[in-house]
Amino acid sequence: MKAIICWILTCAAVLSPMTVAAQQQEKPSVRWVDFSITATALRDAADADIGTYGTPQHVCWIDALAYLASKYGGDFSKYQKKHLQSYCSLSAEERTEKQNGMKLFAYYQKAYTGVLRGVLGPYRIETYRDGDWEPGLLQYGIRVCHPIAKGYGYTHFDDFGASRAFGFKRQHLGHDLMGSTGTPIIATEGGIVEALGWNRYGGWRVGIRSFDGSRYYYYAHLRKGHPYCDLYEGKTVMAGEVIGYMGRTGYSDREDTDNIRQTHLHYGIQLIFPPAKKDDVNQIWIDLLEWTRFLDSYRIPVSRTPDGKESVSNRRIWVPDMGD
């Protein structure tokens, strides 16, 4: 399916000329995002951003990806690295001029910002040693991680948008990562635990809101009997922390029931445009197949606690804007 992004433009009210002009310059509200950027394109764009950071030629990877999407009509099967390199070779002024001449650039830019805002930036790796966290040096780069702990096997099941019939007919709005019961599940991005507990569809699940309020991470079908790792609603978690364990709970009104055929993590990201519309009926969930392939290079190792009951991350990611 070719990438499709639909939006609506806010009509300008009869206001002062300055206010009307400001409204006309506002970017439209995104109503749907088909996030189909390949893992290779994500990786190359991130490398370009990191490699030029702090220089006059700094390349914002979101702008680069929005440029490529505009060039390809959203179809990243057409991606060629030389197109990215050509864009990066331009001066900042030349890039702006090219972007302004692309009809869909502003739309892709806003859509991709919703997904990727905060993924790249300044951060510190904190390392767990002797029962405490030791902070590392401040650096710039990728500051999110894969939801499956390092060293644990998994496979992808690509069925985003497929039909589901339990409860009522609906679409599958997440990405399934198949693995073994008890596999530690990692927080991809830091945020606040917003939802916790039993859901008849997702079983034991966790919902974490990003610090900027723009993304809602949903981890479902966690382990029967012991789904979570020291979680409670309202808790602040950091990227890289263990939040729970893979299982196959759900599809039941009775709590702690294994009714899912195969052990897996249902992993979802909902985008909010703007955060105040988090409960809007037009929810925006994205296909995470290529995203999780990209994140496979950023997996967090874990170890067991002395009593063997919990897994503890060996590293976690501190970011300056985490709201604490």
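The axes of helix α3 (residues 61-72) and helix α6 (residues 105-116) come within 8 Å of each other and cross at roughly 135°. Axes here are lines fitted to C-alpha atoms, for helices over the stretch in contact, and angles run from 0 to 180 degrees between N-to-C directions. The angle makes α3 oblique to α6. Angles under 35 degrees count as roughly parallel, over 145 as roughly antiparallel, 65 to 115 as roughly perpendicular, and the rest as oblique. The crossing of α3 with α6 is right-handed. A crossing is right-handed if the near helix is turned clockwise from the far one by less than a right angle, and left-handed if anticlockwise.

On the α3 side, W61, I62, D63, L65, A66, Y67, A69 and S70 take part in the contact. Their partners in α6 are F105, Y108, Q109, Y112, T113 and L116. Contact means heavy atoms within 4.5 Å. The residues of this contact of α3 with α6 comprise 10 nonpolar, 3 polar and 1 charged. Ala, Val, Leu, Ile, Met, Phe, Trp, Tyr, Cys and Pro count as nonpolar; Asp, Glu, Lys and Arg count as charged; the others, Gly among them, count as polar.

The model is predicted: local features need pLDDT of at least 70, side-chain atom pairs count only at pLDDT 80 or more, and totals for chains, interfaces and linings use all residues. Residues are numbered from 1 along each chain as its sequence is written, and side-chain values use heavy atoms, with hydrogens and water left out.

Helix α3 also crosses helix α4 (residues 81-88). Their axes come within 10 Å and cross at roughly 125°. α3 and α4 are therefore oblique to each other. This crossing, too, is right-handed. From α3, the contact draws on D63, A64, Y67, L68, K71 and Y72. From α4, it draws on H83, L84 and Y87. The residues of the contact of α3 with α4 divide into 6 nonpolar, 1 polar and 2 charged.

The protein chain as a whole has 7 helices and 20 strands. Helices (H or I, at least four residues) and strands (E, at least two) are DSSP runs, numbered from the N terminus. The chain has 324 residues, and 51% of them count as buried. Buried means under 20% relative accessible area, exposed over 50%, and partly exposed in between (1.4 Å probe, protein chains only). Of the contacts with a separation of 6 or more, 65% join residues 24 or more positions apart.

R299 lies between α7 (289-295) and β18 (302-304). R299 counts as buried because its relative accessibility is 15%. A polar atom of the R299 side chain lies 2.7 Å from the backbone oxygen of A149. The backbone oxygen of I148 lies 3.3 Å from a polar atom of the R299 side chain. A polar contact is a pair of N or O atoms within 3.5 Å; within protein, one must be able to donate a hydrogen and the other to accept it, and residues adjacent in sequence count only if both atoms are side-chain atoms. Leaving aside neighbours within four places in sequence, R299 is in contact with H146, I148, A149, K150, G151, Y152, Y154 and R315.

S252 sits in the loop between β15 (242-245) and β16 (264-271). At 11% relative accessibility, S252 is buried. Its side chain reaches the backbone nitrogen of R254 at 3.0 Å.

D230 is found in the loop between β13 (215-220) and β14 (236-237). D230 has 57% relative accessibility, so it counts as exposed. The C-alpha atoms of D230 and G244 are separated by 8.3 Å. These two residues are 14 residues apart along the chain.
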